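Hello,

Here is the structure I promised to pass on to you. Have a look at it first, and then read on for what turned up.

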Amino acid sequence: MTESADEKPHKPADDTEQVYYSGSPLLRAEVGKLGVWWLCGVAILAFPIVWKSLSKNGEWPGAVLILACLVVAVLAFVLPVLLQKTVRYRISNYRIDYERGLLSKNIDTLELWHVEDIKYHQSLIDRILNTGTITIISHDQTTPQLVLRGLPNPRPLFETLKQRVIAVKRQRGVIKMDVG
């Protein structure tokens, strides 16, 4: 007995994967944190100069202290950028891959048919910088909540994800049942 296309419970899955976004969160999305880190770096760099001006005989602090301040200040400038680049998102029409790590890598994959709800947030500064945050709530055991921060042009991506979640659930024949 052969089934016609109309008798199947759902459409066959389209095997071509389309990537909507692939990359790290934008640095400009964390402008507040970046500013705080950089101000700390400047303060640490200024410490030996303040030390010299406050000392009674006008001597510079020891070379070890100056070198330590320089190293810590450089870390304060570089660390936030490095931390931002250790996170990568790959959002496609079937799944979201969340990769993180500097020396070792961890990748979590969230299949879109597991998604229960999607939230969108864009603060005033995010609107000015055209960045935003999309939060995914799912039934996935390893990733029940996935927060995608620093996404560029997030509203169209949010709208596309909403539609894709519905389409993927229909393709898989997923039915939502409210118990209560």
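Let me start with W38, which is partly exposed, at a relative accessible area of 37%. Please keep in mind that this is a predicted model.

The structure holds 3 aromatic pairs. Since W38 belongs to helix α1 and F77 to helix α2, the pair ties together parts that are 39 residues apart in sequence. F77 is also partly exposed, at 28% relative accessibility. Another pair, Y89 with Y98, is stacked: the centres are 5.9 Å apart and the planes 25°. Y89 counts as buried, because its relative accessibility is 4%, below the 20% cut-off.

Back to helix α1, residues 31-54. Its 24 residues, at 1.5 Å each, should span 34 Å, and the 33 Å between its end C-alpha atoms agrees with that. There is still a bend of about 35° at F47, with a proline, P48, following within four residues. P48 is buried, as are L34 and G41, and α2 is part of what covers the buried residues of α1.

The largest nonpolar core has 20 residues, and I91, I118, I136, L148 and L151 have the most contacts inside it. Helix α4 gives the largest share, 5 residues. Beyond its sequence neighbours, I118 touches residues including I134, I136, F158 and L161.

Two arginines are worth a look too: R155 has its charged end over the ring of Y120, 5.4 Å from the centre, and R172 lies over the face of W113, at 4.0 Å from the ring centre.

Best wishes

Notes:
Residues are numbered from 1 along each chain as its sequence is written. This is a predicted model: local features need pLDDT of at least 70, side-chain atom pairs count only at pLDDT 80 or more; totals for chains, interfaces and linings use all residues. Side-chain values use heavy atoms; hydrogens and water are left out. Helices (H or I, at least four residues) and strands (E, at least two) are DSSP runs, numbered from the N terminus. The expected span of a helix is 1.5 Å times one less than its number of residues. The bend at a residue is the angle between axes fitted to the seven residues ending there and the seven starting there. Buried means under 20% relative accessible area, exposed over 50%, partly exposed in between (1.4 Å probe, protein chains only). Contact means heavy atoms within 4.5 Å. A nonpolar core is a set of buried Ala, Val, Leu, Ile, Met, Phe, Trp, Tyr and Cys residues joined through side-chain atoms within 4.5 Å. Rings of Phe, Tyr and Trp (its six-membered ring) pair if their centres lie within 6.5 Å; planes under 30 degrees apart count as stacked, over 60 as edge-to-face and the rest as tilted. A charge sits over a ring if NZ of Lys or CZ of Arg is within 6 Å of the ring centre and within 35 degrees of the ring normal. Lists of a residue's contacts leave out its neighbours within four places in sequence.
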